[in-house]
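Here is a report on one protein chain. Keep the picture open while you read.

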Amino acid sequence: MITPTLPAPPDVTESSDESLTNWALAARHGDPAAVDHLVRALHRDVLRYVSHLCGDPQAVDDLAQDTFLRALGSLHRFEGRSSARTWLLSIARRAVIDSYRRAAARPRLSDVQDWQLAVELAQPRGLPGFDDGVALLDLLALLPDERREAFLLTQLLGLPYAEAAELTNCPVGTVRSRVARARATLVDLLAEGGALPTL
């Protein structure tokens with residue numbers, strides 16, 4: 001829930017960027033009244049900005065508080081090259097972005113009774129399994145060394161043709177040709193079916 005903004009002292013309701021910056025510079029040098037003026041003057045702006053960026057009304061107060069904690073912790077680095085309002089809102093933006101990153105890294109809670117079944121159902125379907133992987137390795141072993149190397153680098157490892165050419169010390173066109181021939185050979189081997197090697 002969004003709490004009301006801090007009441008501003010009568011002389012800071014309409015603060016100009018210049019006066020805010022002056023208060024920030026005074027606060028930088030340890031003036032507690034300047035800190036109070038700065039926080040009260042910018043509290044409403046920070047709340048509005050954070051609520052616009054965040055989209056979660058429950059998090060707005062925490063993000064505004066985090067913004068001011070960060071700002072006061074780094075006030076010694078504020079030099080007044082930009083207005084204090086701009087400086088503080090950029091800190092608010094970073095606070096919101098960091099909260100998204102933390103939320104993305106946190107495991108999400110689920111209300112599922114049988115978590116093992118849920119995990120099994122979430123597994124991708126139709127992907128090659130262990131047996132298919134062994135068959136692919138056996139098929140790749142049948143390719144000539146140069147074609148196998150070009151195919152592995154570009155198709156399995158995902159390297160661009162130019163990087164594969166640099167690694168194999170040959171022209172890019174040669175790598176493309178080797179990959180095309182390797183594909184054709186693999187397709188033929190798969191179509192024959194009987195040519196699959198056995199372990």
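The sections below go from the overall fold to single residues.

## The chain as a whole

This is a predicted model. The protein chain has nine helices and zero strands. Read from the N terminus, the elements run α-α-α-α-α-α-α-α-α.

How much of the chain is buried? Of its 199 residues, 29% count as buried.

## The largest nonpolar core

The largest nonpolar core has 27 residues. Leu20, Leu38, Val46 and Val50 have the most contacts inside this core. Find these four in the structure before you go on.

Which helices build this core? Those that give two or more residues are α1 (17-28), α2, α3 and α4. Helix α2 gives the most, with nine residues.

## A cavity inside

Rolling a probe the size of a water molecule over the atoms shows where empty space is left. In the whole structure, the search finds one cavity of 30 Å³ or more. The space in the largest cavity is about 30 Å³.

Which residues line the largest cavity? They are Leu38, Val39, Phe68, Ala71, Leu72, Leu75, Trp87 and Leu88.

Helix α3 gives the most, with three residues.

## The largest pocket

Now turn to the largest pocket. About 230 Å³ of space lies in it. Its lining is made up of Cys54, Asp56, Gln58, Ala59, Asp62, Leu63, Asp66, Ser99, Tyr100, Arg102, Ala103 and Arg106. The elements that give two or more residues to this lining are α3 and α4. Helix α4 gives the most, with four residues.

What classes of residue line the largest pocket? Five are nonpolar, two are polar and five are charged. Among the charged ones are Asp56 and Arg102.

## Rings and a charge

A pair of aromatic rings is described by the distance of the centres and the angle of the planes. A search of the whole structure finds one aromatic pair. Angles under 30 degrees would count as stacked, and angles over 60 as edge-to-face.

Are the two partners buried or exposed? Phe78 is buried, with a relative accessible area of 2%. Trp87 has 15% relative accessibility and also counts as buried, because the cut-off for buried is under 20%.

Elsewhere, a charge meets a ring. The charged end of Arg176 sits over the ring of Tyr161. Its distance from the ring centre is 4.5 Å.

Most residues other than glycine have a negative phi, and most peptide bonds are trans. Asn169 is not a glycine, yet its phi is positive, at about 60°.

Where is Asn169 found? Asn169 is in the loop between α8 (161-168) and α9 (172-192). Asn169 counts as exposed, at 72% relative accessibility.

## Two pairs across the chain

Take Glu18 in helix α1. Glu18 is exposed, with a relative accessible area of 59%.

Val172 has its place in helix α9. Val172 counts as partly exposed, at 32% relative accessibility. Val172 and Pro160 are twelve residues apart in sequence. From C-alpha to C-alpha, Val172 and Pro160 are 9.7 Å apart in space.

Note on methods
Residues are numbered from 1 along each chain as its sequence is written. This is a predicted model: local features need pLDDT of at least 70, side-chain atom pairs count only at pLDDT 80 or more; totals for chains, interfaces and linings use all residues. Side-chain values use heavy atoms; hydrogens and water are left out. On a 1 Å grid over the protein atoms alone, a cavity is a set of points where a 1.4 Å probe fits but cannot get out, and a pocket is an open set with protein on both sides within 12 Å along at least five of seven lines; lining residues have an atom within 4 Å of a point. Grid points are joined across faces, edges and corners, and a volume is the space filled by probe spheres set on the points. Rings of Phe, Tyr and Trp (its six-membered ring) pair if their centres lie within 6.5 Å; planes under 30 degrees apart count as stacked, over 60 as edge-to-face and the rest as tilted. Buried means under 20% relative accessible area, exposed over 50%, partly exposed in between (1.4 Å probe, protein chains only). A charge sits over a ring if NZ of Lys or CZ of Arg is within 6 Å of the ring centre and within 35 degrees of the ring normal. A nonpolar core is a set of buried Ala, Val, Leu, Ile, Met, Phe, Trp, Tyr and Cys residues joined through side-chain atoms within 4.5 Å.
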